[in-house]
Amino acid sequence: METPGSQSSLHRANLERVVRAVRMAGSLTQAEIARSTGLSAATVSNIVRELKDGGTVQVTPTSAGGRRARSVSLADDAGTVVGVDFGHSHLRVAVGNLAHQVLAEEAEPIDVDASAAEGFDRAERLVKRLLDATGIPREKVIGVGLGVPGPIDVETGALGSTAILPGWGGTRPREEVADRLGVPVHVDNDANLGALGEQVWGSGRGARDLAYIKIASGVGAGLVISGQIYRGPGGTAGEIGHITLDESGPVCRCGNRGCLETFTAARYVLPLLHSSHGPGVTMPEVVRLARDGDPGCRRVVADIGRHIGSGVASLCNLLNPSRVILGGDLAEAGDLVLDPVRDSVARYAIPSAARQLTVVPGTLGGRAEVLGALALVLSEMGDATLLDSSAPAVPAGAAAPV
């Protein structure tokens, strides 16, 4: 048994610090590991050598600042993670390893009116198909990240009744998927996972305080504060779509009037174009037409941007993020939507908060949520399993290098 404060326990803690830094970043040079962990270069070098000998990490030559360096990442065969994203009209699954490499990915349409059980069954089949296609044994799967378009009750694990998917309210997605796949499942709403995905792989890299705004059938925000997703005590933080813009406005699905969602979500704004563009027009088509110069579509996109900017201004005044990332189909409109967002922020946010804010489009598109599901598993998994299964033990009575 290790005694707290002993040399062996300190060594163990340093091993975990290095593994955690690499696990969260995907890959780091030894110099970057030293900076992020506060350990000396010599200590990092010794630990990396030990982890490499134990098969926990792999080291590859690289360059940093024009100098030769060594990139450290978790071993390709250290484990596999799976991401599952349920959207309003799609199911997307990705399989990745602990080195942040996506090994397989596939999406298929889903009938939103189908039962939740059918949706979970389809997710199970798609996960198993991708694992079979990549030749990955089931026992190598460390965990599954699951994204759903609605708030998850922290205490019960149930999907909130205001979820976009009809008939899914009250289901327990974590239990449903865990029972089918037999592995640990971590679940979160799609906006939080979009924020995680962009933070790890996309436009959020390097930002410790950001908001990811997703505009689709609903409107939600994933909030990252001090590098961590903020969910709130009940799991409903980030429901920016239900900020009231007009108390006399349209009735929202939440029961209130004039919510931000009623001025920006596809279900509310697309009917504005039905008379001129037909009832089958979709948001991707509106964005494409707006970029091609269609005046009606440009007006709708600009109006959405101004309303989103009002909500973002409220976020700025409350949380003072350094970066706001716009995701979903609307992000493809570029400055046609981003400029009105910035204009509203400049008008309604506290000037100092507005000056510190950068508004950018997401770079991951429709993949943000499923990649965020992979990142969720990587962030929630512990380091002890990796060390206990791979790293060589320090012999009893031996002095462990620190």
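Biologist: What classes of residue make up the lining of the largest cavity?
Modeller: Four nonpolar, four polar and two charged residues. Keep in mind that this is a predicted model.

Biologist: Which residues line that largest cavity?
Modeller: Glu 198 and Tyr 212 do, along with Leu 326, Gly 327, Gly 328, Ala 331 and Glu 332. Gly 362, Gly 365 and Ala 368 complete the lining.

Biologist: What volume does the largest cavity have?
Modeller: About 40 Å³.

Biologist: And how many cavities of 30 Å³ or more turn up in the whole structure?
Modeller: The search finds one.

Biologist: New topic, helix packing. At what angle do H10 and H11 cross?
Modeller: Roughly 110 degrees, with the axes coming within 8 Å. H10 covers residues 283-291 and H11 covers residues 295-319. The angle falls in the 65 to 115 range, so H10 is roughly perpendicular to H11.

Biologist: Which residues make the contact?
Modeller: From H10, Met 283, Val 286, Leu 289, Ala 290 and Arg 291. From H11, Cys 297, Arg 298, Val 301 and Ile 304. By class, that contact has seven nonpolar residues, two charged and no polar.

Biologist: Now confidence. What is the average pLDDT?
Modeller: The protein averages 88, and 92% of the residues score at least 70.

Biologist: Which elements have the lowest and highest mean pLDDT?
Modeller: Helix H15, residues 384-390, has the lowest at 62. Helix H12, residues 335-348, has the highest at 97.

Biologist: Where is the pLDDT below 50?
Modeller: Over residues 391-402. That stretch still has 17 contacts in the model beyond near neighbours in sequence. Where pLDDT is low, predicted coordinates should not be read in detail.

Technical notes: Residues are numbered from 1 along each chain as its sequence is written. This is a predicted model: local features need pLDDT of at least 70, side-chain atom pairs count only at pLDDT 80 or more; totals for chains, interfaces and linings use all residues. Side-chain values use heavy atoms; hydrogens and water are left out. On a 1 Å grid over the protein atoms alone, a cavity is a set of points where a 1.4 Å probe fits but cannot get out, and a pocket is an open set with protein on both sides within 12 Å along at least five of seven lines; lining residues have an atom within 4 Å of a point. Grid points are joined across faces, edges and corners, and a volume is the space filled by probe spheres set on the points. Ala, Val, Leu, Ile, Met, Phe, Trp, Tyr, Cys and Pro count as nonpolar, Asp, Glu, Lys and Arg as charged, and the others, Gly among them, as polar. Axes are lines fitted to C-alpha atoms, for helices over the stretch in contact, and angles run from 0 to 180 degrees between N-to-C directions. Helices (H or I, at least four residues) and strands (E, at least two) are DSSP runs, numbered from the N terminus. Angles under 35 degrees count as roughly parallel, over 145 as roughly antiparallel, 65 to 115 as roughly perpendicular and the rest as oblique. Contact means heavy atoms within 4.5 Å. pLDDT is the predictor's confidence in each residue, from 0 to 100.
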